[in-house]
Amino acid sequence: MTTSASIRERIPFIMRDLARRYLPAGDLRQGETALAKIVAEREDPFLVLISTILSQRTRDEMTEQASQQLFAKYDTPQGIAHADRGDLERLIKPVGFYRQKAGQIQKVSRLLLERHGGVVPGTYEELIELPQVGPKTANCVLVYGFGEPRIPTDTNVHRVSNRLGLVRTKAPEATEQRLVATVPKEYWLLINELFIRFGKDLCRPIGPICPRCSFTEFCRFYPRTKWGKATRRAVRRPQVHRSRRRSLSHD
Ligand code: SF4
């Protein structure tokens with residue numbers, strides 16, 4: 001599948017606009033997502049890995065709260081591997097499925113100690129071999145933990161990419177593949193942070209705040225919003241008047 005010229009032109013415009021809104025210095029550590037905040041405090045891929053596992057099927061605010069509580073007491077593979085399971089559950093309780101996740105972070109910590117000397121591996125191939133690490137988690141660790149350009153694709157990135165017409169996909173996995181083929185690599189490092197921020201701030205799943213958005217001209221979703229419908233009605237109305245005027249003049 002080839003990428004149309006209009007999409008190629010659209011990408012720099014979108015990225016510049018979002019960077020101006022949410023990351024004016026272009027520094028991921030000044031982001032607002034749970035992962036960006038963790039990296040701002042301490043650049044440690046292990047903390048990114050654990051937070052990303054906690055974030056699965058969970059709101060970002062809850063991930064941040066659970067991560068802070070957990071890392072205040074346990075912030076190393078050794079600490080989590082040998083922690084009391086009930087204590088881990090208590091600390092990460094803000095996130096969904098906290099009981100399973102307590103087991104999962106303990107399992108991944110033990111495996112890191114056994115196979116990698118307690119160090120998070122820095123390649124996609126090794127990361128994906130770890131328990132509870134799928135493509136999105138591996139890419140998050142590479143972006144936020146190692147500063148490697150990748151495109152972690154969650155539901156926000158998926159929704160925003162489809163609305164902006166960058167992809168036409170049904171699932172985040174397909175979106176990631178299309179974005180990798182479409183978006184120039186210079187934008188990969190920030191796209192996750194920027195699209196998540198935009199998806200929470202303006203381009204919300206329900207009730208997006210389109211009047212504050214710069215992308216109404218090409219957004220695929222805008223025509224279905226109340227503002228888009230009102231704009232179409234306003235454009236059509238003068239034509240109705242003109243045709244009425246014509247019919248009146250023939251009477
Ligand atoms: S116009 Fe509305 S729906 Fe479209 S990208 Fe902007 S905020 Fe999202």
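Colleague: Are helices H2 and H3 roughly parallel or roughly antiparallel to each other?

Modeller: Start with what you are looking at. This is a predicted model, where local features need pLDDT of at least 70, side-chain atom pairs count only at pLDDT 80 or more, and totals for chains, interfaces and linings use all residues. Residues are numbered from 1 along each chain as its sequence is written.

Now the terms. Helices (H or I, at least four residues) and strands (E, at least two) are DSSP runs, numbered from the N terminus. Axes are lines fitted to C-alpha atoms, for helices over the stretch in contact, and angles run from 0 to 180 degrees between N-to-C directions. Under 35 degrees counts as roughly parallel, over 145 as roughly antiparallel, 65 to 115 as roughly perpendicular, and the rest as oblique.

Here, the axes of H2 (residues 34-41) and H3 come within 10 Å and cross at roughly 160°. The two helices are therefore roughly antiparallel.

Colleague: What is the handedness of the crossing of H2 and H3, and which residues make the contact?

Modeller: Two ideas first. A crossing is left-handed if the near helix is turned anticlockwise from the far one by less than a right angle, and right-handed if clockwise. Two residues are in contact if their C-beta atoms, placed from the backbone, lie within 7 Å.

H2 and H3 cross in the right-handed sense. H2 contributes Ala-34, Leu-35, Ile-38 and Val-39 to the contact, and H3 contributes Leu-47, Val-48, Ser-51, Thr-52 and Ser-55. By class, this contact of H2 with H3 has 6 nonpolar, 3 polar and no charged residues. The classes work like this: Ala, Val, Leu, Ile, Met, Phe, Trp, Tyr, Cys and Pro are nonpolar, Asp, Glu, Lys and Arg are charged, and the others, Gly among them, are polar.

Colleague: Which residues of H10 are buried?

Modeller: Count neighbours. A residue is buried if 20 or more other C-beta atoms lie within 10 Å of its own, exposed if 12 or fewer, and partly exposed in between, with C-beta atoms placed from the backbone.

In H10, the buried residues are Asn-156, Val-157, His-158, Val-160, Ser-161 and Arg-163. Their cover includes H11 and helix H12 (188-201). After H10 comes Gly-165, with a positive phi near 75°.

Colleague: At what angle do H10 and H11 cross?

Modeller: H10 (residues 155-163) and H11 (residues 172-182) cross at roughly 60°, and their axes come within 9 Å. The pair is therefore oblique. Its crossing is left-handed. Thr-155, Val-157, His-158 and Ser-161 of H10 meet Pro-172, Thr-175 and Leu-179 of H11. That contact has 3 nonpolar, 4 polar and no charged residues.

Colleague: And at what angle do H10 and H12 pack?

Modeller: H10 and H12 pack at about 80°, with axes 8 Å apart. They are therefore roughly perpendicular. From H10 come Asn-156, Val-157, Arg-159, Val-160 and Ser-161, and from H12 come Asn-192, Phe-195, Ile-196, Phe-198, Gly-199 and Lys-200. This contact of H10 with H12 divides into 5 nonpolar, 4 polar and 2 charged residues.

Colleague: Why does Gly-145 count as buried?

Modeller: Because Gly-145 has 23 C-beta neighbours inside 10 Å. Gly-145 sits in helix H9. Leaving aside neighbours within four places in sequence, Gly-145 is in contact with Pro-45, Val-48, Leu-49 and Val-120. Gly-145 and Leu-47 are 98 residues apart in sequence, yet 8.2 Å apart in space, C-alpha to C-alpha.

Colleague: Is Val-235 buried or exposed?

Modeller: Val-235 is exposed, with 9 other C-beta atoms within 10 Å. Look for Val-235 in helix H13 (residues 226-250).

Colleague: Where is Arg-57 found?

Modeller: Arg-57 is in the loop between H3 (45-55) and H4 (60-73). Its phi is positive, about 55°, although Arg-57 is not a glycine. Arg-57 counts as exposed, with 9 C-beta neighbours inside 10 Å.

Gln-132 also has a positive phi, near 65°, and is not a glycine. Its loop lies between H8 (124-127) and H9 (135-146). With 18 C-beta neighbours inside 10 Å, Gln-132 counts as partly exposed.

Colleague: Which residues surround the ligand?

Modeller: A residue is near a molecule or strand if its C-beta atom, placed from the backbone, lies within 6 Å of it. Around the ligand are Arg-163, Leu-164, Leu-202, Cys-203, Pro-208, Cys-210, Cys-213, Phe-215, Thr-216, Cys-219, Phe-221 and Tyr-222. This shell has 10 nonpolar, 1 polar and 1 charged residues.
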